[in-house]
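Hi,

Here is the structure I promised to pass on. Have a look at it first, and then read my notes below.

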Number of protein chains: 2
Amino acid sequence: MVEGGKAGPNKVNLVEKFGHFSEYWQQKIVAEVNDFYVKIAKLQGSFEWHRHEREDELFYLVKGRLLIRLRDREITLNEGDLFVVPKGTEHLPVAQNEAWVMVLEPKTAVNTGDVGGERTVAPEWI
Amino acid sequence: MVEGGKAGPNKVNLVEKFGHFSEYWQQKIVAEVNDFYVKIAKLQGSFEWHRHEREDELFYLVKGRLLIRLRDREITLNEGDLFVVPKGTEHLPVAQNEAWVMVLEPKTAVNTGDVGGERTVAPEWI
């Protein structure tokens, strides 16, 4: 028996992966599960109001604090909290200080949803 | 603005959810994201060799340590590690001591895969 090994899939340590990049609002893919990506991102500041027409989007807070504003309420996520933004729901992630999140959603999801624009970035494997 | 609220989805704290049950090898659903469930489970001892013909299965270690045996190697997951067992791959989870995991897979997945038997249990919301 070997631990991990080059053949086949290997385990991933989330915190270790966060050490490999510093830019904000750039989703990095750490795993795929059927038609879903598991991604991580560092967030700071405010993103853009947007929605995903067909994809639910799960946020899991690894470090820090994240405010997810919806049109009628807001959710504050602390470490260990998760929240699913339902498909079609406008949302605005806001991180007053640096926050680390794991994002889980179908591969088809675009980070800026239906809004597009210059902050649209395709996720990359890390 | 209200925090959470009864209308609409609410946030979930993973560790808090683990406090609501004690039985081993019983997956509890904490969220759904399109056709996926996010589930949690407490594991102790050895499960059964099985595979999921169509579903990849992600394990994320929240607490403790988990050994995932494959037929040709084994993976040791510590806190913060994740691993995806690819569809069609036989695997045997083994936890020498109590381990807490988050499991992510399509809703169609059955806990005992193609093996079935008395340890087959449908996941329940918690």
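Leaving aside its neighbours within four places in sequence, which residues is Phe59(B) in contact with? They are Leu66(B), Ile68(B), Leu77(B), Leu82(B), Phe83(B), Val101(B) and Val103(B).

Before the rest, some housekeeping. This is a predicted model, where local features need pLDDT of at least 70 and side-chain atom pairs count only at pLDDT 80 or more, while totals for chains, interfaces and linings use all residues. Residues are numbered from 1 along each chain as its sequence is written, and chains are lettered from A and ligands numbered from 1 in the order in which they are written.

How many residues of chain B are in contact with chain A? There are 33, and they touch 33 residues of chain A. The elements giving two or more residues to chain B's side include β1 (12-13), β3 (36-46) and β8 (91-106) of chain B. (Strands are DSSP runs of E with at least two residues, helices are runs of H or I with at least four, and both are numbered from the N terminus.) By class, that side has 19 nonpolar, six polar and eight charged residues. Nonpolar covers Ala, Val, Leu, Ile, Met, Phe, Trp, Tyr, Cys and Pro, charged covers Asp, Glu, Lys and Arg, and the others, Gly among them, are polar. Since 100% of the interface residues of chain B are also interface residues in chain A, the copies meet through the same surface.

Strands also pair across the chains (pairing needs at least two DSSP bridges between two strands). β7 of chain A, residues 81-85, is joined to β1(B) by two bridges, running antiparallel. Asp81(A) stands opposite Asn13(B), and Leu82(A) stands opposite Val12(B). Inside chain A, β7(A) pairs with β4 (residues 57-63) in the antiparallel sense over four bridges, with Leu58(A) opposite Val84(A).

In chain B, follow β3(B). Antiparallel pairing links it to β2(B) over five bridges and to β8(B) over 10 bridges. β2(B) and β3(B) form a hairpin with two residues between them, and Asn34(B) in the turn has a positive phi of about 50°. Eight of the 11 residues of β3(B) are buried, so the strand is largely enclosed by the rest of the structure. A residue is buried with 20 or more other C-beta atoms within 10 Å of its own, exposed with 12 or fewer, and partly exposed in between.

Is Glu23(B) buried or exposed? It has 9 C-beta neighbours inside 10 Å, so it counts as exposed. Glu23(B) lies in the loop between α1 and β2 of chain B.

Finally, the largest nonpolar core has 64 residues, and Leu58 and Phe59 of both chains are among those with the most contacts inside it. (A core is a set of buried Ala, Val, Leu, Ile, Met, Phe, Trp, Tyr and Cys residues joined through C-beta atoms within 7 Å.)

Cheers

Note on methods:
Two residues are in contact if their C-beta atoms, placed from the backbone, lie within 7 Å.
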